[in-house]
Amino acid sequence: MEPDKILLPEITYQGNDKKLMERITKFKAGTFRIVVFTIVGLIMGLYSHNYVSDTFFPTKLITAVPYKITETIYVFLIGTDAPGRWNSYYCGWLTEFFPHSMLATLIAETVTTMLIGGAIYGSLAYFTGDKRVFTLSRFLKFFLCWCTVITLCIGAAYAVNAKAVADNEALRRTERISFFLYNEHGGSSTGDNALSRTLADSFFDDLKPVTVTRDLEKESKVGVYYGYFRYGLYSVNYEKQYLATEQGKTWSLSPEFAQVIKEFIEENKFPDGTIFTGEATEVTEVEK
Amino acid sequence: MKFATAYEESRDAVYGYLVYMTKDVQLAEDLSQEVFLRMFLHLDKFRGQASARTWALRIARNVFLTYARKKQPLLLIEQEWEPLSDINENLPEQEMINKENAQYVRDCLMCLAESERTVLLLRDFEELSYEEIARIMDLSADVVKSRLYRARQKFRKIYESMQ
């Protein structure tokens, strides 16, 4: 024992353990409630886009919230002109947020909405907890975590889309490839095994970057599905035999590919000789 | 580590520290509850580098400082000597003497600055090592030693002068 130590009288705890146990129980119950509400929120977020078909107004309103928030965020980030422009070409296969990438669309429309649903309902549960345990500062931390996760998710959607756009520009091939063509019959979509196969077979032949003077009036739109996840929209001039990407890069086309496009656009003819009636047919992916 | 073990290990230490720091039994009890709740919430962050008691006392100090800064800044500074308040005269003689002495010691402690009080309590009441005290107070062991020396001197001076 130290010689100069000061002897202080002993003190034993006089407090009530019940009070502490009560607070701990409330914390556990509150945490459980937050977890349950968050899971419910995630599920509601997953089905949030179904609000359009809901006919009962109160549930429609509740279900719509996560999706509408997602929509607001992406429309704010992307702008309102892009969706309209893309919608005219996509027949609803891809959505307006990231029309180049199915994966980015999935992240944007489904994953982000799920997370927003989880954040909203988790937050609601937070506010129903014991105020002494679930304090405002703790809620702010909780909310900040959600904001970070949602921001990362939005960033991931942008990154995936940017990769898809870069691949489209480079015409990076995939194992499966199919096409969307447009002609005067106005079918917003068409596809045919023979047509797709012939196009797929000839698309990458002679494909190399070229410098040409573009003739915009004679260009036709050609959509290319790369596998299941990527879509590129190109302008094709079958007379000058070039293809222009969205960002204006030009590539040479094989005569065979240009011929098929020409026959389809000018004569409504498929490579096997059948005539396109204007009715949209199913797109069939062709293995390349 | 289980919360129940950490709680049992540190309950009296935390409470005692807070009683001496606040000189208010009820307030010490409330602050202790806050400390124990924080221990429960952050048990996953306790890595066992120090004992549960040291960890609990570190939390207790933070809780005390936060409370004092917000609600009673006077608790952080040296206070003027206050004469003893009346002790219940119906108590047996020895118990009355003990109570009187305890309150006298607490009053003397309140005449020290917060950091002096803390270092003195952690060493002489909680019997922690210099290293443990240094960890709790974010100081070096040498600074703890010199601060403890000064605090003891000051305490003795006050204690003797008031008797």
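I am working on a predicted model, in which local features need pLDDT of at least 70 and side-chain atom pairs count only at pLDDT 80 or more, while totals for chains, interfaces and linings use all residues. Residues are numbered from 1 along each chain as its sequence is written, and chains are lettered from A and ligands numbered from 1 in the order in which they are written.

**Chain A.** I found seven helices and six strands in chain A; helices (H or I, at least four residues) and strands (E, at least two) are DSSP runs, numbered from the N terminus. Their order along the sequence is α-α-α-α-α-β-α-β-β-β-β-α-β. Of the 288 residues in chain A, 30% are buried, that is, with 20 or more other C-beta atoms within 10 Å of their own, C-beta atoms being placed from the backbone.

**Helix α5(A).** I looked up which residues of this helix are buried: A:A157, A:V160, A:N161, A:A164, A:V165 and A:N168. The buried residues of α5(A) pack against α4 (102-127) and β3 (230-237) of chain A. After α5(A) comes A:L171, with a positive phi near 50°.

**Contact between the chains.** I noted 14 residues from chain A and 21 residues from chain B in the contact. On the side of chain B that touches chain A, the elements that give two or more residues are α1 (3-22), α2 (25-41), α4 (93-110), α5 (114-125) and α7 (141-162) of chain B. The most comes from α2(B), with seven residues.

Note on methods:
Contact = placed C-beta atoms within 7 Å. Buried ≥ 20, exposed ≤ 12 C-beta atoms within 10 Å, placed from the backbone.
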